[in-house]
Amino acid sequence: MKIALAQLNYTIGDIEGNCSKIVNALQRAKTEGADLVLFAEQAVSGTPAFDLLRKTTFLELCEEALEEIASHCNGIAAVVGSPVLTAEGTISAAVVMEHGEITRYVGKQHISARREMGFLNSAKGFECVTIKGHKCMIVVGDDLRRVDEIDRSAEVILSINARKYSRGSLRYRYETMRNLAFV
């Protein structure tokens, strides 16, 4: 499976502009032969969206954008980060799209960044899903640090995160992924 990583500059609150960037990146990845393209946590809304995450209208616009993005996922799959309104409140989710539709929402369980507390609620956490015939474990944000039991039959771990760079973080993330891969 050929995976494209779309590292884009998103604008907080500019759902339409972020959606356009995501769709353009999807088209580019498709023309370059990718099977799957990954986008950052909260790509649709931009981050940190703070008080916007409490506005139902904003979250409904994010959901509409997700549906628009999914309609472009024919011949390519995508994992797009977005806030999602649930019965328990707003969660940060990895939204899996394939065959022109949204197939799964995987929510972040651990809200550890101080800037997210009070704006996001916990969800179930990582899940294994089949994408393009491959078993993939999807992890959102800092849940990667707390993955005690993973499904060893997963072929790949897809982790989307909006955490800012800090000294030593790349080494820590590399070691975490290395340990997961070789355990």
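How many nonpolar, polar and charged residues does the lining of the second largest pocket have by class? The second view answers this. The model is predicted: local features need pLDDT of at least 70, side-chain atom pairs count only at pLDDT 80 or more, and totals for chains, interfaces and linings use all residues. Residues are numbered from 1 along each chain as its sequence is written, and side-chain values use heavy atoms, with hydrogens and water left out.

**View 1. The largest pocket.** This pocket holds about 960 Å³ of space. Its lining has 33 residues, and Ala40, Ser159, Ile160, Asn161 and Ala162 are the closest to the centre. A pocket is an open set of points on a 1 Å grid over the protein atoms alone, where a 1.4 Å probe fits, with protein on both sides within 12 Å along at least five of seven lines; lining residues have an atom within 4 Å of a point. Strand 8 (156-160) gives the largest share of the lining, five residues. Helices (H or I, at least four residues) and strands (E, at least two) are DSSP runs, numbered from the N terminus.

**View 2. The second largest pocket.** About 170 Å³ of space lies here. Among its 13 lining residues, Ala4, Leu5, Ala25, Arg28 and Ala29 are the closest to the centre. Strand 1 and helix 1 (15-31) each give two or more residues to this lining. By class, the lining has nine nonpolar, one polar and three charged residues. Ala, Val, Leu, Ile, Met, Phe, Trp, Tyr, Cys and Pro count as nonpolar, Asp, Glu, Lys and Arg as charged, and the others, Gly among them, as polar.

**View 3. Salt bridge between arginine 28 and glutamate 32.** The two side chains meet at 3.0 Å, N to O. A salt bridge is a side-chain nitrogen of Lys or Arg within 4 Å of a carboxyl oxygen of Asp or Glu. Arginine 28 is exposed at 57% relative accessible area, while glutamate 32 is partly exposed at 46%. Buried means under 20% relative accessible area, exposed over 50%, and partly exposed in between (1.4 Å probe, protein chains only).

**View 4. Salt bridge between glutamate 41 and lysine 108.** The N to O distance is 2.8 Å. Glutamate 41 lies in the loop between strand 2 (36-38) and helix 2 (56-70), and lysine 108 in the loop between strand 5 (101-107) and strand 6 (127-131), so the pair ties together parts 67 residues apart in sequence. Glutamate 41 is buried at 2% relative accessibility, and lysine 108 is buried at 3%.

Terms used:
Grid points are joined across faces, edges and corners, and a volume is the space filled by probe spheres set on the points.
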